[in-house]
Each structure stands twice: as C-alpha cells, then as structure tokens.
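Look over the sequence and the model first.

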Amino acid sequence: MLIINHIVAKGNMTINVSFLEEKDAELLRSLGLSEGELAVYLALLELGQAHIQDISRKSCVTRASTYNHLAALKERQLVSETKKGSGTCMRRRIPRNFCN
C-alpha cells in the first residue's frame with residue numbers, strides 16, 4: 001500500500017511527509033517529476049490550497065526551491081496560482097486526463 005514515504009529528519013525529530021497508494025505513486029512517477037517536485041505536489045495534495053511558506057514547511061523543501069518546483073509544476077499544469085488577500089496562494093490541480 002505504501003510506496004512513497006518521504007521522511008525527513010529535522011533535529012531530533014523525524015517527520016513523515018506523505019503516503020501514497022502504489023498505483024498513485026506510479027502515476028506520479030510516470031510524469032517524470034523530480035523528488036522535490038513530487039514532495040511539493042504531495043504537500044499541496046494534502047493542503048489543497050496554501051501559501052508558499054506553508055507548502056515549503058509541509059514538504060520540507062527550502063522556500064527558494066519550493067518556488068522553483070512550483071514553477072515547474074505550473075508549467076505541467078499540476079498547480080495554479082491564486083491571489084488571496086495581499087499574498088499569493090498555490091492550488092493543486094488534478095488533471096482529468098491522467099488515465100486517458
């Protein structure tokens with residue numbers, strides 16, 4: 001059942017970031033996502049919509065790298081950008097033609 005278990009050590013804590021069903025993990029791998037892109041996308045799958053700082057924390061990816069990964073995911077149409085107040089939020093998109 002559990003195929004991707006992104007575990008990150010922070011100090012003396014271990015954080016378990018994401019779990020996926022085997023078929024879902026295989027699907028994401030087939031998209032050719034990098035490890036960082038995958039971590040950011042999985043964080044957004046869990047969060048739904050979030051500010052970049054929150055995505056960075058959830059994915060355990062540096063904030064600077066999170067911007068780069070989100071740009072790549074945006075090009076693949078896996079995330080979209082929305083304005084929320086004075087800030088920018090990112091929202092995950094689930095393409096409808098994954099299996100077609």
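Leaving aside its neighbours within four places in sequence, which residues is His69 in contact with? They are Ser34, Gly36, Glu37, Val40 and Val61; contact means heavy atoms within 4.5 Å.

This is a predicted model: local features need pLDDT of at least 70, side-chain atom pairs count only at pLDDT 80 or more, and totals for chains, interfaces and linings use all residues. Residues are numbered from 1 along each chain as its sequence is written, and side-chain values use heavy atoms, with hydrogens and water left out.

**His69 and Ser34**

His69 sits in helix 4 (residues 63–75). Helices (H or I, at least four residues) and strands (E, at least two) are DSSP runs, numbered from the N terminus. Ser34 lies in the loop between helix 1 (22–30) and helix 2 (35–47). Buried means under 20% relative accessible area, exposed over 50%, and partly exposed in between (1.4 Å probe, protein chains only).

| Residue | Relative accessible area | Class |
|---|---|---|
| His69 | 17% | buried |
| Ser34 | 31% | partly exposed |

Ser34 and Ala72 are 38 residues apart along the chain; their C-alpha atoms are separated by 9.8 Å.

**Helix 3**

Helix 3 spans residues 52–59, and its buried residues are Ile52, Ile55, Ser56 and Ser59. Seen down the helix axis, these fall within an arc of 100°, so they line one face of helix 3. The arc is that of the directions from the helix axis to the C-beta atoms. The buried residues of helix 3 pack against helix 2, strand 3 (49–51), helix 4 and strand 5 (87–92). Cys60 follows helix 3, and its phi is positive, near 60°.
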